[in-house]
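Hello,

Here is the structure I promised you. Please look it over, then read my notes below.

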Amino acid sequence: MASSVQRPQESRLRLADSLPHHWRYVAEGGATVVFSYHGPHHSIFTSRALRLRKVPRSQPNPSVSASRDPVGLAVEFQNKVVTRLLDPAYLVGLQVVSLEIRWAEAFAAYHDPQRPPSRRNTDVIDTARSTAVLTSDLVGRSRFSVEIKPKWGFLPNPTHLSPESKPIKTRTCRTCMHAHLKQVEGRPAPVYYCPLDLFSGSGERIKTALEGLWDSWQRSDGTFNNLRIFHYGKPVLPSDENFSLPSDAALTSLKSHFVSSLLPSLLRTPLLQEVSALQRRLDSLDCEGWVKLSGLRDIGSDDLKDDAVLLGSDMEPSVDDWASFVDVFLSSESGKHSNFDPTNLRYHTLAYMLSATLKDCSIIIPLHSRPGDGGVPTPKVIDLDIKSAKKIPGWIELDEKVVREYAKVDPSLRKTCVDGGAETGTARALEACLAL
């Protein structure tokens, strides 16, 4: 299978060949910040986007993080692992580029004022790294484009759930429960959106999901991250008085235009069903089953935070470890390795971490402004970064908190999320995915 990813050693590009003001801030997530090139024509940079890693403001020595080079790992991870699970047609090319400290410091100083205050107060661009990633610019050159973070596309396997959590988790999906927790805490949340509708493959249900995303985006003034809308790379907010959507654009102030612009792309591709199928199969135990398998009950214990316990080794998995895992996952031997047996703890840990990557990915869809501008655009998957085993205790704690808060809701008022993938579309999508 052909790969769209360039290996780190093949790149000798230097960001210092451009100037900081040639790049325009686009958006950022928890780990990276993205910029779009808008400088003079350049044989490499034109039509490309730049992804830079971030570090917490509180981190005392940012240079320590550079030694692990997650930038190069991200490229190799997509090359050796992700392209074997998802059709490369849905992925964007990644290329490592050299990052010099003086240039990075000047770049960060120039662009930091453009970042949202909530982000600036939390983290900074990691100027100590020696590399960054160039990728296809999916939003900076499109008149309109949409980023959707679908989240969890399935209800968990009930086998290992506790008697207390089973009736809750098998009725209301994790994303909807988490949205309730965020709402209780006064944070922006996609309270009108259920990912099981988006992953369903049904036109009516996908339409419902898109309407819910729009309503949540509008009522939160674009402050939640499940939906972002861009105009030539600039984020559009419902309250932005300096931006007006022209009457001939695919996106207007009317929700129906937004839905009708996206629906054909989402119905035309099996991408979402494939992602949901992989999430489900990789997270076959739920975190409750993982805790039982590990033999650990106290999620705050030092043992649970120790990589040696989590992975059966003394370090985080390498890309070759991930590739070996995928070899087994896609083989006829996967059933033996996925049995609920303590000897399979490492297999289930890697599977759970890889499922988390897929639960946190985003879908980018460019939109044509006028009829006849082109065919139905193909969605692209981004943010497929490696997750660290050190995050597992936090995931388990959050899961308990989400369920504990949702248990306070009167059972008659709890949301019923319909998982249509377990028996129908997702099973077929998994067969297609694993046949790649």
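C173 is buried, with a relative accessible area of 1%. C287 is buried too, at 4%. Buried means under 20% relative accessible area, exposed over 50%, and partly exposed in between (1.4 Å probe, protein chains only).

A word on the source: this is a predicted model, where local features need pLDDT of at least 70, side-chain atom pairs count only at pLDDT 80 or more, and totals for chains, interfaces and linings use all residues. Residues are numbered from 1 along each chain as its sequence is written, and side-chain values use heavy atoms, leaving out hydrogens and water.

Next, helix α10 (residues 271–282). Helices here are DSSP runs of H or I, at least four residues, numbered from the N terminus. In α10, 11 of the 12 residues are buried. Among them are L271, Q273, E274 and R280.

Last, a helix pair. Helix α13 (residues 319–329) packs against helix α15 (residues 345–359) at about 100 degrees, and their axes are 11 Å apart. Axes are lines fitted to C-alpha atoms over the stretch in contact, and angles run from 0 to 180 degrees between N-to-C directions. The contact (heavy atoms within 4.5 Å) includes W322 and F325 in α13, and Y347 and L350 in α15.

Best wishes

Technical notes. Helices (H or I, at least four residues) and strands (E, at least two) are DSSP runs, numbered from the N terminus.
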